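Let's take a friendly walk through this structure, one part at a time. Keep the 3D view open as you read.

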Protein chains: 2
Amino acid sequence: MRDVAIIGIGMNKWGELWSDSLRDIFVTAALPAIKDAGVKGIDSMYIGCMSSGLFVGQEHIASLLADYLGVLPASATRVESACASGGLALRCGWLDVASGESDIVLVSGVEKMTDVGGDEATYALSTAADMEYEAYNGATFPGLYALVARDHMRRYGTTPEMLAEVAVKNHWHGSRNPNAQFQMEITREQVLGSVMVADPLHILDCSPITDGAAAAILCPLEMAKDLTDKPIVKISGIASATDSIQIAHRDDLCAFNAVKVSAEKAMAKAEKKHADIDLIEAHDCFTIAEICVLEAMGFFKPGEAGPATLEGVTRRGGRIPVNVSGGLKSKGHPVGATGIGQIYELVKQLRGDADERQVEGAKCGLAQNMGGTGGSSVATILEVVE
Amino acid sequence: MRDVAIIGIGMNKWGELWSDSLRDIFVTAALPAIKDAGVKGIDSMYIGCMSSGLFVGQEHIASLLADYLGVLPASATRVESACASGGLALRCGWLDVASGESDIVLVSGVEKMTDVGGDEATYALSTAADMEYEAYNGATFPGLYALVARDHMRRYGTTPEMLAEVAVKNHWHGSRNPNAQFQMEITREQVLGSVMVADPLHILDCSPITDGAAAAILCPLEMAKDLTDKPIVKISGIASATDSIQIAHRDDLCAFNAVKVSAEKAMAKAEKKHADIDLIEAHDCFTIAEICVLEAMGFFKPGEAGPATLEGVTRRGGRIPVNVSGGLKSKGHPVGATGIGQIYELVKQLRGDADERQVEGAKCGLAQNMGGTGGSSVATILEVVE
């Protein structure tokens with residue numbers, strides 16, 4: 001199996017991109033990635049996208065986007081696993097290069113979510129839950145994560161203030177990210193005073209509806225030095241895992257087993273311990289999610305991520321910075337793009353190219369991207385090659 | 001790169017499966033494949049599915065189906081490329097084994113199409129075309145393929161009788177397939193007398209709406225002999241390619257360049273010439289499609305596949321049997337499952353296990369699976385290992 005490097009990244013400014021279609025949004029991330037890598041063409045591409053069918057009435061998008069990007073007849077594949085679509089697209093692209101089949105591979109995530117109304121967007125997103133047993137019975141994602149939050153509060157004493165601090169931290173981070181959807185800081189009082197969506201989750205505990213895309217160019221590590229003068233970032237470990245997408249099937253609402261398993265496998269492949277990780281991009285679709293996934297991955301014991309967040313441990317400058325990009329909460333959450341957006345941020349940081357949000361001395365980062373309430377999860381360890 | 005074998009296959013009877021949900025349909029193909037392979041568990045799975053979002057209101061299906069199959073927390077990935085979703089799922093599974101990442105991989109295709117009405121099904125299928133430039137302007141697939149057929153007739157003298165004979169042949173084949181949706185023979189007069197859908201395509205020139213699934217188990221070739229006593233089938237070559245999904249972008253309506261490129265690449269990898277191929281499963285979503293793809297792959301010169309069909313060259317017993325399973329026309333076309341359904345048939349044939357539809361002495365077969373009007377195509381060469 002060949003080692004795989006990331007030699008180019010691109011993303012656009014995320015937000016409500018009224019004047020851009022799905023295909024425009026994709027190319028405005030893919031072209032900068034190709035330019036950043038300095039490659040002339042690509043052998044193969046993988047697109048993470050959750051529901052172009054329900055959001056914009058278009059399937060078969062990998063070929064459509066290959067055409068719009070001008071790379072026909074290259075192999076093109078769309079990958080879907082709800083909000084983990086981007087992470088799984090990266091895993092497929094990694095397999096394509098690692099196997100020896102392709103040398104230059106584009107991986108991207110894209111979602112255009114604002115062309116439908118709020119009810120339709122809620123319906124489309126709820127198809128990431130078990131429709132027959134959850135959504136058709138009235139449980140959409142804020143409600144499902146509220147159940148998780150209630151259980152976490154009951155068992156571990158987690159408080160609404162701890163949840164709110166996740167949002168405050170991520171907005172503080174995102175206010176330094178020119179590509180973030182919401183570049184304003186917020187206060188704990190604003191979060192706790194914002195409208196309640198599903199008790200205990202306020203609207204400012206929830207990630208937004210977003211249009212956006214991100215892209216990365218992969219190649220064999222041994223080829224990377226000849227292709228780029230920039231610092232080379234290696235995929236040291238990547239793994240995906242699954243859990244029941246229906247939370248009623250689980251023994252423990254707060255355990256997020258797919259997250260645990262994917263992170264354990266990725267860290268084992270990369271031969272890394274928790275202390276080796278300099279920063280994390282974690283899947284904070286709701287504030288409680290960031291707390292649960294940090295605990296599931298073993299960075300904190302169950303019940304300890306909330307207090308640690310209050311103490312600033314996960315802020316930039318803290319012991320283990322989490323979501324210095326702004327995370328899903330502030331940077332935005334174009335569902336299929338999020339997993340590649342995390343990779344964009346880690347590569348920026350590992351290159352030392354993240355400007356005023358730079359984590360000093362970052363050499364190794366972890367991205368954790370999940371679908372639904374953790375029915376799927378992908379963990380990726382990136383390292384800068386000295 | 002490791003050589004990859006197929007050691008297990010499964011499918012259910014395709015048709016209008018009113019009493020089965022998407023998840024039931026999947027497991028009734030996946031479980032027989034696992035049993036056929038004699039394996040205890042799987043490391044990873046790939047699901048080809050075009051539009052579970054629009055057909056049954058459910059995305060995130062790879063995790064859902066992994067749960068229903070009882071293989072959590074195995075890695076699970078859904079792959080989409082319209083009607084080529086199954087073929088691309090096979091390619092991803094092949095990369096997973098070839099790279100050395102996984103040993104036992106399930107690849108499957110599934111589609112549940114009959115839970116929506118006819119208008120909704122037509123809409124869902126049209127999302128495989130370019131919605132902004134084709135479907136929203138009124139062009140659905142029968143119309144698009146009728147344009148191709150008209151061009152082929154004008155340039156090469158192809159006749160409605162030649163098109164009809166594709167359907168007659170495939171129904172004759174499918175009448176020997178207990179898993180086929182339509183197991184009755186039809187006559188050329190019946191095809192030509194059937195209702196016109198989009199001139200020159202009658203309803204009996206069109207593949208049907210179908211529920212169904214198929215599955216295959218992959219493993220490293222070197223491991224196959226220890227796992228199964230059945231004849232071992234090797235993936236000798238697999239390749240995918242893309243074309244504009246919008247036919248107005250093409251220089252030649254009849255050329256199907258993605259089909260040409262994918263077949264050339266797969267045959268080069270397998271080191272096979274046309275004469276080495278004993279049988280073909282081709283993507284006959286419409287009768288004209290079978291003619292065009294046989295020509296695009298170089299088995300016939302442009303304009304010669306129609307007359308050859310009339311002469312029986314592509315019948316079982318002819319020089320190069322095409323769609324002895326019944327093809328999409330008679331076996332059915334559950335869009336995301338079709339590519340794996342083709343693999344099921346080739347493995348049955350190469351094992352010498354196809355009963356009364358057996359192609360005598362079949363050692364090497366080609367499957368060609370495409371999306372839309374050829375916007376994506378996957379070609380796969382399978383060979384029995386002596």
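A:Q183 is partly exposed, because 17 other C-beta atoms lie within 10 Å of its own; a residue would need 20 or more to count as buried, and 12 or fewer to count as exposed. Keep in mind that this is a predicted model.

Leaving aside residues up to four places away in sequence, A:Q183 touches A:G174, A:S175 and A:N177.

## Two helices in chain A

Stay in chain A and look at helix α7 (residues 160-174) beside helix α11 (residues 287-296). Their axes are 8 Å apart, and the helices pack at an angle of about 95°. Angles of 65 to 115 degrees count as roughly perpendicular, so that is the word for α7(A) and α11(A).

Which residues make this meeting? From α7(A) come A:L163, A:A164, A:V166 and A:A167, and from α11(A) come A:T287, A:I288, A:E290 and A:I291. Sorted by class, this contact of α7(A) with α11(A) has six nonpolar, one polar and one charged residues.

## Two helices in chain B

Now switch to chain B, where the axes of helix α4 (residues 85-98) and helix α14 (residues 338-350) come within 5 Å and cross at roughly 70°.

On the α4(B) side, the contact is made by B:S85, B:G86, B:G87, B:A89 and B:L90, while α14(B) brings B:T338, B:G339, B:I340 and B:I343. The residues of this contact of α4(B) with α14(B) divide into four nonpolar, five polar and no charged.

## A strand with two partners

Is strand β7 (residues 212-220) of chain B mostly covered or uncovered? It is mostly covered: eight of the nine residues of β7(B) are buried.

Strand β1 (residues 4-11) of chain B pairs with β7(B) in the antiparallel sense, over seven bridges. One bridge to look for joins B:V4 to B:P220 in β7(B). Strand β4 (residues 105-111) of chain B also pairs with β7(B), in the antiparallel sense and over seven bridges. Here, B:G109 has B:A214 of β7(B) as its bridge partner.

## Where the chains meet

How many residues does each chain give to the contact? Chain B gives 51 residues and chain A gives 51 residues. Several elements give two or more residues to the side of chain B that touches chain A, among them α3 (61-69), β8 (233-242) and α10 (257-270) of chain B. The largest share of that side, six residues, comes from β3(B). By class, the side of chain B that touches chain A has 22 nonpolar, 21 polar and eight charged residues.

Strand β3 (residues 75-80) of chain A is joined to β3(B) by three bridges, and these strands run antiparallel. Look for A:R78, which stands opposite B:E80 in β3(B).

## How the copies are related

A rotation of 180°, with 0.0 Å of shift along its axis, superposes chain B on chain A with an RMSD of 0.0 Å. The two copies are therefore related as by a two-fold rotation axis. In chain B, the C-alpha nearest the axis belongs to B:S99, 1.9 Å from it.

The copies meet through the same surface, because 100% of the interface residues of chain B are also interface residues in chain A.

Key
Residues are numbered from 1 along each chain as its sequence is written. Chains are lettered from A and ligands numbered from 1 in the order in which they are written. This is a predicted model: local features need pLDDT of at least 70, side-chain atom pairs count only at pLDDT 80 or more; totals for chains, interfaces and linings use all residues. Axes are lines fitted to C-alpha atoms, for helices over the stretch in contact, and angles run from 0 to 180 degrees between N-to-C directions. Helices (H or I, at least four residues) and strands (E, at least two) are DSSP runs, numbered from the N terminus. Two residues are in contact if their C-beta atoms, placed from the backbone, lie within 7 Å. Ala, Val, Leu, Ile, Met, Phe, Trp, Tyr, Cys and Pro count as nonpolar, Asp, Glu, Lys and Arg as charged, and the others, Gly among them, as polar. Two strands pair if DSSP finds at least two bridges between them. Angles under 35 degrees count as roughly parallel, over 145 as roughly antiparallel, 65 to 115 as roughly perpendicular and the rest as oblique. Copies are superposed by least squares on the C-alpha atoms of residues with pLDDT of at least 70 in both.
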